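Colleague: I would like a close look at one part of this model, with its surroundings set out before the detail. Please take the overall fold as the starting point and then go down to the packing and to a single side chain.

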Amino acid sequence: MAYFSGLTDALRITFVQIMILSAIAVVIFLYGMIINLQKWGAGVTGYALEPQEGKKGSAITFLKTWWKQVTEESHHGHGKPILEVLILDVLFQRRILKRSPLRWFMHILIFGGWMTLFALSGLMFAVEMTHMIGIELPFTPAEFRDLLSLPNYIFGYVLLIGVLIALVRRLFVSEVREASIMYDWVLIGVVFLVTISGFLADGIRTGIIWDFGLDPSVAPPAALFHSVISLLFCIAFIPYSKYIHIIAIPLAILANKGGE
C-alpha cells in the first residue's frame with residue numbers, strides 16, 4: 001500500500017481502486033463463510049455439532065451452538081481451560097507437534113508469517129486511509145512504512161521458508177507426494193507467488209533489483225499486482241478452498257476444548 005498514498009492523481013485513483021477491490025474481496029470472503037456456516041449448521045440440534053454434507057442449515061444456529069459448546073464445561077472428561085486450548089492448540093498447534101515436528105515447524109512458519117503479514121498490511125492500510133481522509137497523525141505513511149519494513153522482511157522470509165519446506169516435502173517425501181493432487185500444488189503455488197511478488201515489488205521500490213533492468217517506475221504496478229493477488233487468494237478465496245481449515249479447525253478445537 002506504500003505506493004497508493006496520493007503522491008499523484010494517478011496514484012490516488014490506484015489507491016481508490018485497491019480500496020474497492022479490498023471491499024469486494026471481503027464481501028466474497030463473508031459470503032463464502034456464510035455458505036460454510038450454513039453447511040456446518042446442517043443437522044445441528046441442541047448442543048451437538050454434527051454437520052451433514054449436502055444439506056444447508058442456519059449460520060446463526062451453528063454459531064450459537066458452537067459458542068455454547070465453547071463456554072460450557074466439558075462432559076467428556078478431556079476438557080481443558082479455554083485459554084490453554086487457544087494458546088497451545090490453536091496458536092502453537094501442539095497437536096501437530098506431537099505427530100510430526102517437521103510438519104509442525106512448516107505449519108508454524110506459514111501460519112505465523114501469513115497472519116503477521118496480514119496484520120501489518122492492515123495497519124499500513126489503516127494509516128493510508130487516515131492520511132487520505134485528512135486526519136493528522138504524528139507520522140507520515142512513508143515513515144510508518146519504513147517502521148514496518150524490518151518486520152515485513154522478517155515475516156516475509158518466515159512465510160517463504162515455510163512455503164519452501166512445503167514444496168520440498170511434496171517433491172521429495174514419497175508419502176506426501178503420492179497423497180498430493182493438482183489442487184494441492186495450485187494452493188501452495190499461489191502462496192509462493194504471493195510471497196515472491198511481495199519481495200519483487202519491494203525490491204523494485206527500494207532499488208535492490210534495479211541491476212536486473214527493472215526501472216523504479218514499474219514499482220507501483222508491481223505493488224498493485226501483489227496487492228490484487230493477495231486480496232484474491234489470501235482473503236476472497238479462503239472459504240472456497242482447502243485453506244478454510246485455518247478457520248474450521250480452530251473452531252472445532254475450541255468447541256471440543258482441545259479434545260482429539
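Modeller: Of the 260 residues of the protein, 37% count as buried, buried being under 20% relative accessible area, exposed over 50% and partly exposed in between, with a 1.4 Å probe and protein chains only. This is a predicted model, in which local features need pLDDT of at least 70 and side-chain atom pairs count only at pLDDT 80 or more, while totals for chains, interfaces and linings use all residues. Residues are numbered from 1 along each chain as its sequence is written, and side-chain values use heavy atoms, with hydrogens and water left out.

The protein has 10 helices and 0 strands, where helices (H or I, at least four residues) and strands (E, at least two) are DSSP runs numbered from the N terminus. Residues 24 or more positions apart account for 63% of the contacts with a separation of 6 or more, a contact being heavy atoms within 4.5 Å.

As for confidence, the mean pLDDT (the predictor's confidence in each residue, from 0 to 100) is 81, and 82% of the residues reach 70 or more.

The packing to examine is that of helix α3 (residues 82-91) with helix α10 (residues 245-255), whose axes come within 10 Å and cross at roughly 145 degrees; the axes are lines fitted to C-alpha atoms over the stretch in contact, and angles run from 0 to 180 degrees between N-to-C directions. On the α3 side, Ile82, Val85, Leu86, Asp89 and Val90 meet Pro250, Ile253 and Leu254 of α10. These residues divide into 7 nonpolar, no polar and 1 charged.

Leaving aside its neighbours within four places in sequence, Asn36 is in contact with Pro239 and Ile244. Asn36 and Ala59 lie 23 residues apart in sequence, with 8.1 Å between them in space, C-alpha to C-alpha. Within its own surroundings, the side chain of Asn36 reaches the backbone oxygen of Gly32 at 2.9 Å.

Terms used: Nonpolar A, V, L, I, M, F, W, Y, C, P; charged D, E, K, R; others polar. Polar contact = N/O pair within 3.5 Å; in protein donor to acceptor, adjacent residues only side chain to side chain.
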